[in-house]
Amino acid sequence: MLNFRLKNKRSLEISMARIKIDLPKKFIFKTEIPLRITDINYGGHLGNDSLLSIIHEARVRFLHYLGHSESDVEGNGIIMIDAAIQYKSEGFYGDELIVEVAVNEFSSIGCDFVYRITNKNTSKEISLAKTGIVFFNYEKRKTVAVPVEFKKKIEEMS
């Protein structure tokens with residue numbers, strides 16, 4: 001929702017509801033991802049579409065670290081059901097990004113993956129992101145319960 005208010009005779013202040021991502025107490029995985037030229041948009045900085053691809057890459061690396069893939073977490077796959085991103089600062093071609101991952105907010109069929117992306121050289125926060133994940137049986141085309149061992153691993157790491 002957009003709200004307009006006259007700040008003074010020459011200036012209009014615009015306020016709107018913002019996404020807020022609460023950070024977990026601990027990130028349980030970290031990976032480095034360099035910004036490629038294809039990640040840069042016409043403004044000369046990291047494009048919003050590329051940021052979603054970067055967190056996707058980090059999620060795949062994290063699952064691989066745990067011995068899983070997006071299509072096989074203890075026999076079932078995962079589907080991203082929503083995403084939220086807070087942009088904090090620019091990233092540029094050649095920057096090395098550190099992407100930290102945490103998993104929280106478990107429900108009966110899913111959880112949230114939370115990401116913090118920072119510039120390795122400057123330690124400047126680039127963005128925060130969250131993706132909602134549900135577990136899915138692709139053969140039956142339906143959601144399934146969170147795999148017990150997956151949840152147990154996450155809780156042990158957190």
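Two residues are in contact here when heavy atoms lie within 4.5 Å. Keep that in mind for what follows, and remember that this is a predicted model.

Let's begin with Asn 119, which sits in strand β6, residues 110-119. Setting aside neighbours within four places in sequence, Asn 119 is in contact with Asp 95, Glu 96, Leu 97, Lys 124 and Ile 126. Is Asn 119 buried or exposed? Asn 119 counts as buried because its relative accessibility is 7%, and the cut-off for buried is under 20%. Its side chain also reaches the backbone nitrogen of Asn 121, at 2.8 Å.

## Glu 90, out in a loop

Ile 126 turns up again with Glu 90: not counting residues up to four places away in sequence, Glu 90 touches His 45 and Ile 126. You'll find Glu 90 in the loop between β4 (77-87) and β5 (96-104). With a relative accessibility of 45%, Glu 90 counts as partly exposed.

What does the side chain of Glu 90 do with the side chain of His 45? The two make a polar contact at 2.7 Å. Lys 20 is another matter: 70 residues from Glu 90 along the chain, it has its C-alpha atom 18 Å from that of Glu 90.

## The largest pocket

Which residue types make up the lining? There are 7 polar, 4 nonpolar and 2 charged residues. Both α1 (48-65) and β7 (125-137) supply at least two of the lining residues, and α1 gives the largest share, with 3.

## Helix α1

After α1 comes Gly 67, with a positive phi near 90°.

Which residues of α1 are buried? They are Ser 50, Leu 51, Ile 54, Ile 55, Ala 58, Arg 59, Phe 62 and Leu 63. An α-helix has 3.6 residues a turn, so residues three or four places apart point the same way. The cover over the buried residues of α1 includes the strands β3 (29-34), β4, β5, β6 and β7, as well as the helix α2 (148-157).

Methods. Residues numbered from 1 in each chain as written. Predicted model: local features only at pLDDT ≥ 70, side-chain atom pairs only at ≥ 80, totals over all residues. Heavy atoms only, no water. Helix = DSSP H or I, 4+ residues; strand = E, 2+ residues; numbered from the N terminus. Nonpolar A, V, L, I, M, F, W, Y, C, P; charged D, E, K, R; others polar. Buried < 20%, exposed > 50% of the residue type's maximum accessible area, 1.4 Å probe, protein only. Polar contact = N/O pair within 3.5 Å; in protein donor to acceptor, adjacent residues only side chain to side chain.
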